[in-house]
Amino acid sequence: MKKRQQLGFAVVGCGAIAYSNAEAIRRADSARLAYAVDIDRQAAARLAGKYSVPFSDRLEEAFSASGVDAVIICTPHYLHAPLARRAAKAGKHVLVEKPMGASLEDAGTIVSACREAGVRLGVCYCMRYGEKIEFAKKFIDEGGLGDVIGFEITMLRDRSENYLKRDTWQEGNADWHCVRAKSGGGIFIDNISHYIDYLLYLTGLEIEEVYCQAGAFLVPADVEDNLWAILRTAAGAAGTITVGSTVRGGGREQDGEIANSIQRLWGGEGQAILLPELKVFSRKRIGGLAPNRWHRIKPEKIYNRGGAGVKERARLIRDFSAAVLEGREPEVAGEAGLRVMAVIDAAYRSARSGEVAAVGKNYFRRAQPRPDTED
Ligand SMILES: NC(=O)c1ccc[n+]([C@@H]2O[C@H](COP(=O)([O-])OP(=O)(O)OC[C@H]3O[C@@H](n4cnc5c(N)ncnc54)[C@H](O)[C@@H]3O)[C@@H](O)[C@H]2O)c1
């Protein structure tokens, strides 16, 4: 690819999240929106019209259009791998929405296809770019927690009334979200994938084993609406993840209600609470914070919200584009996405078997590319 100031993106899949990504591309100085593709021609035309770019219902037309260097894949999960593979083969860099695919195999396919084609691969784990996670990363890197011993992630939502409707902004289109073959699973793969990504990023922990129970209790779908997991790390630390998408009285993210979410990490030196609001405690003086007492970092509601907005996306896209232009790996590279998928894969295997499932240290090699498939 000819080196230039801005990386040209084709948005592939012009549904709910594509609008946030298109806006983030517009805001990122190293990126430029160049094209819009959707099998639904009207959906492509709508997004293209907003940003005055060409569009098509055929991916190959985007590949041959001038100024398209990369794709950002914003389709249902099961289409990420076949579309990424086609883009890589066409020599386009690939930024794929989370989770990487509907399965660990999908994620392996994407990593292998991009490696073989010599194109860069990034995954949209944009929550890492939230100011809160940035603060926590620094606090942990400077020794605020010491060696991490435990973590707790709880998210209780009530989506039972609207999960199956098309127009709920966060849940997207129910005709694929609630179908395991298309989504890979329910709330765990969809939302908790973000949290697993930043848990591993913040702590550097390697998850070795998962024991998990899951079920679909209130949603008439073949994906879980409640899940409980215990994760053990290579270092001997452990943590729990408890999630429900149909918990009566649970928070609605649409309303900014996150009080039903808890995220906490602790180690020999201290503790960090990420949700419902950022608070830290350490026996050490970290970044000017007095030791042995709790500190609320920024109590404002806006600061403590999720962190998957346009602002965070623009930062991720800026890094991905700059990485391509500078010939380096992006900060959230394919391997990070693969690592998350390996944990998700182990959890779902455990839920099916009732046994503890090993994450496996060799999932980079184990995840083999699948033969060519048509989407
Ligand atoms: N990073 C985040 O915080 C975040 C938030 C929401 C959604 N997502 C992810 O974004 C992706 C899309 O989610 P959504 O809610 O926008 O879904 P959606 O159902 O609203 O949109 C998907 C779009 O893809 C199109 N499409 C389907 N098959 C296609 C194909 N073969 N080629 C081109 N387009 C095709 C559909 O017509 C639709 O317009 C998912 O991976 C989802 O998990 C990420």
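Leaving out residues up to four places away in sequence, Tyr51 touches Ala22, Arg26 and Leu33. Contact here means that the C-beta atoms of two residues, placed from the backbone, lie within 7 Å. Between Tyr51 and Arg26, which are 25 residues apart along the chain, the C-alpha separation is 8.8 Å. Tyr51 is found in helix α2, and it counts as partly exposed because it has 18 C-beta neighbours inside 10 Å. A residue is termed buried if 20 or more other C-beta atoms lie within 10 Å of its own, exposed if 12 or fewer, and partly exposed in between, with C-beta atoms placed from the backbone.

## Basis of the model

This is a predicted model, in which local features need pLDDT of at least 70 and side-chain atom pairs count only at pLDDT 80 or more, while totals for chains, interfaces and linings use all residues. Residues are numbered from 1 along each chain as its sequence is written.

## Overall architecture

The secondary structure of the protein comes to 13 helices and 15 strands. These elements are DSSP runs, numbered from the N terminus: helices are H or I runs of at least four residues, and strands are E runs of at least two. Of the 375 residues of the protein, 51% count as buried. Among contacts with a separation of 6 or more, 68% involve residues 24 or more positions apart.

## The largest nonpolar core

The largest nonpolar core has 114 residues, of which Phe9, Val11, Val94 and Ile110 touch the most other members. Such a core is a set of buried Ala, Val, Leu, Ile, Met, Phe, Trp, Tyr and Cys residues joined through C-beta atoms within 7 Å. Helix α12 (residues 334-353) supplies the largest share of this core, eleven residues. Domain 1 (7-127 + 311-332) and domain 2 (131-306) each contribute at least three residues to this core; the domain bounds come from an automatic or database domain assignment.

Apart from its neighbours within four places in sequence, Val11 is in contact with Ala18, Asn21, Ala22, Leu33, Ala36, Val37, Leu47, Ile72 and Cys74. Tyr348 is found in helix α12, and it counts as buried because it has 24 C-beta neighbours inside 10 Å. Tyr348 and Phe188 are 160 residues apart in sequence, yet their C-alpha atoms are 9.2 Å apart in space.

## Packing of helices α6 and α9

The axes of helix α6 (residues 131-141) and helix α9 (residues 187-203) come within 9 Å and cross at roughly 30°. The crossing therefore makes α6 roughly parallel to α9. Axes are lines fitted to C-alpha atoms, for helices over the stretch in contact, and angles run from 0 to 180 degrees between N-to-C directions. Angles under 35 degrees count as roughly parallel, over 145 as roughly antiparallel, 65 to 115 as roughly perpendicular and the rest as oblique.

The contact is formed by Ile133, Ala136, Lys137 and Ile140 of α6 together with Tyr198, Leu202 and Thr203 of α9. By residue class, the contact of α6 with α9 divides into five nonpolar, one polar and one charged. In this scheme Ala, Val, Leu, Ile, Met, Phe, Trp, Tyr, Cys and Pro count as nonpolar, Asp, Glu, Lys and Arg as charged, and the others, Gly among them, as polar.

Phe281 is found in strand β13 (residues 279-282). Because it has 18 C-beta neighbours inside 10 Å, Phe281 counts as partly exposed. Not counting residues up to four places away in sequence, Phe281 touches Gly270, Gln271, Arg293 and Trp294. Phe281 and Glu269 are twelve residues apart in sequence, with 8.5 Å between their C-alpha atoms.

The loop between β12 (270-275) and β13 holds Pro276, and the peptide bond from Leu275 to Pro276 is cis, with omega near 10°. In the loop between β13 and β14 (294-296) lies Asn292, whose phi is near 60°, a positive value in a residue other than glycine. Asn292 is exposed because it has 10 other C-beta atoms within 10 Å.

## Further backbone features

A cis peptide bond also joins Lys98 and Pro99, with omega of about -20°. Pro99 lies in the loop between β5 (93-96) and α5 (104-117).

Ser52, although not a glycine, has a positive phi of about 55°. Ser52 lies in the loop between α2 (41-51) and β3 (55-56), and it counts as exposed because it has 7 C-beta neighbours inside 10 Å.
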